Amino acid sequence: MKNSKTYRGRTVATVSVAAVLALTATACGDDGSGGSGTEGSGKGEITFWDNNGGPRTAVWTEIIKDFEAKNPDIKVKYVPIPIADVQSKYDTAIAGGGLPDVGGVGTAYLSNMVSQEALEPVGDRIKDSALNGKLVEAMVESVKDAGGRGEEIYSVPTSANNGALWYRTDLFEAAGLDTPDTWAKFYEAADKLTDADNNKFGFTIRGGAGSIAPAIDAAYGQSGITDFWDGDRTTLNDPKNVAALEKYTALFKKTTPAADVNNDFTKMVAQWDTGTIGMLSHNLGSYQDHLKALGKDKFAGIPNPIGDGGTRVQVSNPVDGLGLFKSSENKTAAWKFIEFAASHASNSKWNESAGAIPANTEAARDPWISATEPTALAAKSLTDGSTKIVELPYYLPDWNNISKADNEPEFQKLLLGKVTAKAFLDKLAGELNAAQAEWKERGNG
Amino acid sequence: MTAALATHRGDGLPGALAHDAPPPAPVRRGRERSFDEPPRWQIYLPLGIYLVFTLVPFYWMFLFAVRPAGSTSLVPWPMTGEHFSKVWNERSFALFFQNSMIVGVCTLLATTLVALAGGYALARFDFKIKNLFMLALLCSQFIPGALMLVPLFEIFKNLQMINSLGSVIIAETVFQLPLSIILISGFIKNVPVTLEEAAWVDGCSRFHAFRAVVLPLLRPGLIAVGSFAFVHSWNHFLFALMFLSEQDKQTIPVGLNTLIGADSVDLGALAAGGVIAAVPVVIVFAFIQKWLITGFSAGAVKG
């Protein structure tokens, strides 16, 4: 059976094509960043995107409730965004429109947002607010560096995390081992606690998503090199770092489970919390998980081990903060919310819930910090001068690509013995040198 | 043999009667097997191994969902409902479930209806760019949704549909349609056109003939396409994440992702959320598996 096109059919087809073209044409509209926005009336509704939506929803809900009680003219619409997808959510909103007034912004993707002109500089607002002089200087500097625009600051720091070496005190005690506070003791414990035939391992290594920063941390921690750049070239592939990484990755399958090659932090933390693995290198953020799974008597967390040179060296950890978006039509109200969230009481409440280090100097002196041993030790190590920090180049717009998609598979190859530590670090260093040169060519640095 | 059988069975029948009786069925020792049929273990062993690989992750999810936090037990005992209660009540999964159900059912209906119309046109009409259109439908399958994200976002923003479940339903339907149209057109081609012509001769309009004659024969295909659309939209994460920026509009996949934090994850809650997300899909497949297999196999070979 054959039917010719009818007049009505042609009309429908024409209308359909026109509709599609009209809808597609709308894609050529504004850039979504929404221009410069306005200060607004300081009243009404503002939208806040939480960049770690879910785990922090309860504490944010409480802070927002407190804020609304103090500022009855302002209503905060809370939107939790899953952490794994926050950058793509921001990128889509920057390109297509629909950015919030305030958003959680970590230093790991701050430069990407600054380079797209999505965020308002907040240096002057901080100076004129109650936050002036009450933010931890190191975190302020870290946020400035990550923004990549010199002395200008593009988010108000709220908290920092820190790497920790978690270890099972019960297993260490049974094996007669000391606290692994030096790299030598770390390797000794990893070896002694391993009984692979009985599924007991001394350490669990991060081989999957997020593997690069811990690997770099281990390399610098052992080599004792304290600067990431030597002029325009990175020290990452320095022979001392190569030797350190070789030693560290040699632990794979020898004192770690073979499945670690696919370990992201969820798998790594889960297997440590439910199994018989001696040590885990992860940040303070997993403290509550360990506490829930193991109870407070079976584990402890200490800052990274000290190297042979007698100094603790660790890489900088991302600092979390709150950004004010340029497109906001009510920047006055949005800033009030940021100021409130970074104030002593709110910042303390938030960081206590997250087990992180507060950015507010008054909050950093609150009693709960000394009551939580791993956080107290981390805070102490960062402030007593015993730790040298290697500043990672979060300001490079390509940092995330280089340290994730481009090189995580390479680290897996390194674990599996398909490339050498030298080849891995040479590749990584080459890409970072090129990114740094490109960044400087654009007039930065 | 019959006599022997009778004696053996102790029937006590006379020989003549025994001779007149119809020959009994041959003695069966278990199920008979032809020579070219492989031994049972060759079938069940691989299936069993496959089942273990398939079901262990589900068991693991169930185990984490029902055992108390901190437990390392490998059996789901003692059992707790705390994780389900937490995700359902505290983490808004009741709302996410409702939103996902609205998106899933609306996508199912929209996809099925439009695919039915499109499939009918492709199966029953000839037009100049038909082959090109089919090729375009096939090629559209190669375009990942993420590539269309920004244009779609712009379109929905200009239509003021951002933060509306409608945007997700439309996007899901649009991405489901090419495959659905191709499948449905295959089913319709399978129905002889003479059946429709007979209905026309009897006075039916084209639409009435389609509804009365063709539609009932398309049931396997409709179930296959509908269930595929439902399951895909139920599980799809990207559009809901990008187009919905209000907590009370979010769907189950986005809710599940918010259970994984930057540095910590509540495995019990995540597993309980996973069980809640899996239940509707399992129920759908349990009820329609017969139709689904018929549908896909029939549609797959008709072009």
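1. A residue is called buried here if 20 or more other C-beta atoms lie within 10 Å of its own, exposed if 12 or fewer do, and partly exposed in between, with C-beta atoms placed from the backbone. The model is predicted, so that local features need pLDDT of at least 70 and side-chain atom pairs count only at pLDDT 80 or more, while totals for chains, interfaces and linings use all residues. Residues are numbered from 1 along each chain as its sequence is written, and chains are lettered from A and ligands numbered from 1 in the order in which they are written.

2. Two residues other than glycine carry a positive phi. A:Asn199, with phi near 60°, sits in the loop between helix 8 (183-192) and strand 6 (201-204) of chain A, and A:Asn199 counts as exposed because 10 other C-beta atoms lie within 10 Å. B:Gln160, with phi near 55°, belongs to the loop between helix 7 (149-158) and helix 8 (165-190) of chain B, and B:Gln160 is likewise exposed, since 9 other C-beta atoms lie within 10 Å. Helices (H or I, at least four residues) and strands (E, at least two) are DSSP runs, numbered from the N terminus.

3. Helix 3 of chain B (residues 40-66) has 27 residues and should span 39 Å at 1.5 Å a residue, which agrees with the 36 Å between its end C-alpha atoms; the expected span is 1.5 Å times one less than the number of residues. The helix bends by about 30° at B:Leu55, with a proline, B:Pro57, following within four residues, where the bend is the angle between axes fitted to the seven residues ending at a position and the seven starting there. B:Phe64, B:Ala65 and B:Val66 of this helix are buried.

4. The loop between helix 3 and helix 4 (82-90) of chain B holds B:Pro78, and the peptide bond that joins B:Trp77 to B:Pro78 is cis, with omega near 0°.

5. Chain A is divided into domain 1 (44-161 + 318-389) and domain 2 (163-316 + 396-441), with bounds from an automatic or database domain assignment. The centres of these domains, taken over C-alpha atoms, are 27 Å apart, and 20 residues of domain 1 are in contact with 19 residues of domain 2, contact meaning C-beta atoms, placed from the backbone, within 7 Å. On the domain 1 side that touches domain 2, helix 4 (110-115), helix 16 (373-383) and strand 14 (387-390) of chain A each give two or more residues, and helix 16 supplies the largest share, 6 residues.

Note on methods: Two residues are in contact if their C-beta atoms, placed from the backbone, lie within 7 Å.
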